[in-house]
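I am keeping these notes while I look through a structure that is new to me. Each entry records what I looked up and what I found.

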Amino acid sequence: THLDLSYNHIQSEGFNMMCRALCDSPIETLTCRRCGIESIDIDSEHIPRNLKNLFLWENRINADGCRGLAKLLQRKDASLTKLYLKNNQIDDNGVEILVSALQNNTSLTGLHLQGNNGISMRGKIMLLKLVNDISSIEATLRSNHTLTYLPLGANDQIIQMHINKSTNINNGHDSLEAGREKVIETQLNSASRAQYADLQGVYQSVYSEINPLHLPEVLSLIGLCNGQGELYIALKSSIAEVISTVDRKECIRRQRDYHLTKAKQLDAELAAIEAAEESIVSLGSESRRLRKEECAL
């Protein structure tokens with residue numbers, strides 16, 4: 001079930017027609033190497049339902065092409081498991097489209113992007129965040145836990161190292177287990193988190209989002225999984241956050257007490273004004289009654 005059209009100059013139009021023709025085909029692997037493909041326009045009503053491996057090496061696929069490929073990745077019953085896009089013309093815009101399509105994808109395990117020289121550091125960081133977003137614990141848990149192979153090329157060793165660390169966690173774990181493991185390995189490990197945070201531009205402490213009531217459980221987990229050295233670092237960091245939280249709570253209490261006192265003073269002043277108004281009304285009524293009595297006499 002493998003169809004190889006490599007080195008045939010079918011171009012974009014031919015590829016698009018081929019995809020429509022493969023809608024109900026048993027073909028699982030399609031190879032189109034050096035076929036002159038640029039943009040891709042896949043009809044969402046005629047997506048190849050059984051296609052698992054798509055080899056598109058050494059074409060001229062750009063952001064428009066990525067937009068078409070996204071249709072294969074975004075549908076609920078996506079079947080594609082490997083997408084080879086080595087040596088194309090994909091840039092950061094193309095990466096952004098692919099990353100968006102892969103946020104909730106649970107089928108693709110391999111995405112090959114080596115040799116796409118238009119991908120800058122910004123695009124590479126987007127790919128890193130795809131598999132492990134360090135901006136919050138929730139973001140880490142929502143990261144892609146399906147990709148197990150995401151090579152960028154030999155010139156991206158630092159980014160590649162961190163991507164590999166996350167994709168290796170994905171390999172052999174289900175989504176829940178992978179998310180938990182990433183939190184332990186990167187969020188609750190000070191050295192690892194510092195590296196991820198520096199690359200992704202994250203500056204707040206992870207402990208700022210942890211409820212102080214849950215800290216004993218978190219600290220126990222750190223000591224169990226990352227050792228006593230990490231536990232000591234976590235204790236110092238979390239205590240600072242707890243003190244900050246306590247200080248904030250005390251500040252809020254003082255502000256609340258001040259406003260309550262001020263409210264009571266304003267209530268008393270308002271009551272005095274209303275009493276004075278009632279007194280004036282009462283005196284006016286009494287004065288009119290006396291004048292009426294004098295006139296009657």
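**Entry: α6 and its neighbours.** I looked up which residues join α6 to α7. Lys-165, Ser-166, Ile-169 and Asn-170 of α6 meet Ala-178, Glu-181, Lys-182 and Glu-185 of α7. The model is a predicted one, and I keep that in mind for every value below. Helix α7 covers residues 175–187, and its axis lies 9 Å from that of α6 at an angle of about 140°. I noted the crossing of α6 and α7 as right-handed.

I then turned to the contact of α6 with α4. Helix α4 spans residues 121–131 and α6 spans residues 157–170; their axes come within 9 Å and cross at roughly 15°. An angle under 35 degrees counts as roughly parallel, so α4 is described as roughly parallel to α6. From α4, the contact is made by Met-121, Lys-124, Ile-125, Leu-127, Leu-128 and Val-131. From α6, Ile-159, His-162, Ile-163, Ser-166 and Thr-167 take part. The crossing of α4 and α6 is left-handed.

**Entry: helix α3.** How many of the 11 residues of α3 are buried? I found 8 of the 11, so this helix, residues 92–102, is largely enclosed by the rest of the structure. The buried residues are Asp-92, Gly-94, Val-95, Ile-97, Leu-98, Val-99, Ala-101 and Leu-102. I also checked what these buried residues pack against, and the partners are α2, β5 and α4.

**Entry: the sheet.** I looked up the strand order next. The sheet is open and has 5 strands, in the order β1-β2-β3-β4-β5, with parallel pairing. Its edge strands are β1 (2–4) and β5 (110–112), each of which pairs on one side only. On average, neighbouring strands are turned by 5° against each other, with direction ignored. As a reminder to myself, strands of a sheet pair through backbone hydrogen bonds, in either a parallel or an antiparallel way.

I followed one pairing in detail. Strand β4, residues 82–84, pairs with β5 in the parallel sense over 3 bridges. Within this pairing, Lys-82 stands opposite Gly-110 of β5.

**Entry: aromatic rings.** A pair of aromatic rings is described by the distance of the centres and the angle of the planes. I counted 3 aromatic pairs. In one of them, Phe-55 and Trp-57 have ring centres 5.6 Å apart and planes at 85°, so the pair is edge-to-face. Trp-57 and Tyr-84 also form an edge-to-face pair, with 5.7 Å from centre to centre and 80° between the planes. This second pair links distant parts of the chain: Trp-57 sits in the loop between β3 and α2 (63–74), Tyr-84 sits in strand β4, and 27 residues separate them. Phe-55, Trp-57 and Tyr-84 form one aromatic cluster.

Trp-57 counts as partly exposed because its relative accessibility is 26%, and the cut-off for buried is under 20%.

**Entry: positive phi.** Most residues other than glycine have a negative phi, so I looked for exceptions. Gln-11 is not a glycine, yet its phi is positive at about 60°. Gln-11 belongs to helix α1, residues 11–21, and is partly exposed with a relative accessible area of 38%. Glu-58 has a positive phi of about 55° and is not a glycine either. Glu-58 lies in the loop between β3 and α2, where Trp-57 is also placed. At 21% relative accessibility, Glu-58 counts as partly exposed.

**Entry: Glu-45.** Where does Glu-45 sit? I found it in the loop between β2 (29–31) and β3 (53–55). Glu-45 counts as exposed because its relative accessibility is 58%, and the cut-off is over 50%.

Key: Residues are numbered from 1 along each chain as its sequence is written. This is a predicted model: local features need pLDDT of at least 70, side-chain atom pairs count only at pLDDT 80 or more; totals for chains, interfaces and linings use all residues. Side-chain values use heavy atoms; hydrogens and water are left out. Two strands pair if DSSP finds at least two bridges between them. Helices (H or I, at least four residues) and strands (E, at least two) are DSSP runs, numbered from the N terminus. Axes are lines fitted to C-alpha atoms, for helices over the stretch in contact, and angles run from 0 to 180 degrees between N-to-C directions. Buried means under 20% relative accessible area, exposed over 50%, partly exposed in between (1.4 Å probe, protein chains only). Rings of Phe, Tyr and Trp (its six-membered ring) pair if their centres lie within 6.5 Å; planes under 30 degrees apart count as stacked, over 60 as edge-to-face and the rest as tilted. Angles under 35 degrees count as roughly parallel, over 145 as roughly antiparallel, 65 to 115 as roughly perpendicular and the rest as oblique. A crossing is left-handed if the near helix is turned anticlockwise from the far one by less than a right angle, and right-handed if clockwise. Contact means heavy atoms within 4.5 Å.
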